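Take a look at the structure first, then try each task before reading its solution.

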Amino acid sequence: MTEVESRCDQNKRTHSCCKAQQSEKKRKEGKGSGQKGSGDADLDTSAPMQASDAIQRILAAKKEKDWFRLLELEPPEIDALGRTVWGVPSADVSKAYRRLSVLVHPDKNPGADARAAFECLNEAHRLLRNRGQLEEVLKEHADTARRRKEAAEAAATPEERVILYAAKKDAAKELQKQEGESFQAEIVRQMREKQMAAKRKREMRSSYRRQEDEEEDEFGEPLEEERAERAAGAVKKPAAKKRGGKPSIIF
């Protein structure tokens, strides 16, 4: 073996040894970091929201009338038919309200900002739980939801847009089908209500008639006499002859 070949062989062995040492070092470090991570996973390192931060965030959301962000709830969306929808149930609205109201309550946080934030929470809770007021809020946020959806579609790739368009078309068909079924169910419900109302009306009439028959059976004779007297009184009596003419002669 030449001197050059000997050096190359030695360099290879040295490189292999160094590489093995580095691999072993990385493995130990990874094991140590994994053990440390598992230990840290048992501890909740996330810092809770401070009351002052929550108060400022609530007041900022109130200025924009973003009641959904104010209560830290999902914003409304635009469905496949172009309508503004919001799928958060009332129970979740109340849950978010209770959690934030305890955090920013004026009894725990003196100051005008805390009182204002607490009033904003009450207003948001009332608006989002009332069906009629919620519809008005959704109308006000329709443009914002539409712009948010258009921005998401614009950021998608051409392939993703094709998939989104197909999904939107299928969702629109499904919504139309559900609305048709719901409309038919509503028509059937109204027809049944009318039938039940007519049935109750017939039963009430029958009940009145039975009650009258029972009264006639109980007081039959007086009623018959009264009817006979009324019938006799209704017949016109013959008119009496007028007195007049020559006076009668009495012998």
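## Exercises on helix packing

**Exercise 1.** Find the helix in which Ser 101 lies, and decide whether Ser 101 is buried or exposed.

*Solution.* Keep in mind that you are working with a predicted model.
- Step 1: Ser 101 belongs to helix α4, which covers residues 90–103.
- Step 2: The relative accessibility of Ser 101 is 8%. Buried means under 20%, so Ser 101 counts as buried.
- Step 3: Setting aside neighbours within four places in sequence, Ser 101 is in contact with Phe 118 and Leu 121.

**Exercise 2.** Work out how α4 is oriented relative to α5.

*Solution.* 
- Step 1: The two helices, α4 and α5, pack at an angle of about 175°, and their axes are 10 Å apart.
- Step 2: Angles over 145 degrees count as roughly antiparallel, so α4 is roughly antiparallel to α5.
- Step 3: On the α4 side, the residues that meet α5 include Tyr 97, Leu 100 and Ser 101; among their partners in α5 are Phe 118, Leu 121 and His 125.
- Step 4: By type, the residues of this contact of α4 with α5 are seven nonpolar, five polar and one charged.

**Exercise 3.** Now do likewise for α2 and α5: which term describes their orientation?

*Solution.* 
- Step 1: Helix α2 (residues 51–63) packs against helix α5 (residues 112–129) at about 55°, with axes 9 Å apart.
- Step 2: This angle makes α2 oblique to α5.
- Step 3: The crossing of α2 past α5 is left-handed.
- Step 4: Ile 55, Ile 58 and Leu 59 are among the α2 residues in the contact, and α5 contributes residues including Ala 117, Cys 120 and Leu 121.
- Step 5: The residues of the contact of α2 with α5 comprise eight nonpolar, one polar and three charged.

Definitions and conventions: Residues are numbered from 1 along each chain as its sequence is written. This is a predicted model: local features need pLDDT of at least 70, side-chain atom pairs count only at pLDDT 80 or more; totals for chains, interfaces and linings use all residues. Side-chain values use heavy atoms; hydrogens and water are left out. Axes are lines fitted to C-alpha atoms, for helices over the stretch in contact, and angles run from 0 to 180 degrees between N-to-C directions. Helices (H or I, at least four residues) and strands (E, at least two) are DSSP runs, numbered from the N terminus. Angles under 35 degrees count as roughly parallel, over 145 as roughly antiparallel, 65 to 115 as roughly perpendicular and the rest as oblique. A crossing is left-handed if the near helix is turned anticlockwise from the far one by less than a right angle, and right-handed if clockwise. Contact means heavy atoms within 4.5 Å. Ala, Val, Leu, Ile, Met, Phe, Trp, Tyr, Cys and Pro count as nonpolar, Asp, Glu, Lys and Arg as charged, and the others, Gly among them, as polar. Buried means under 20% relative accessible area, exposed over 50%, partly exposed in between (1.4 Å probe, protein chains only).
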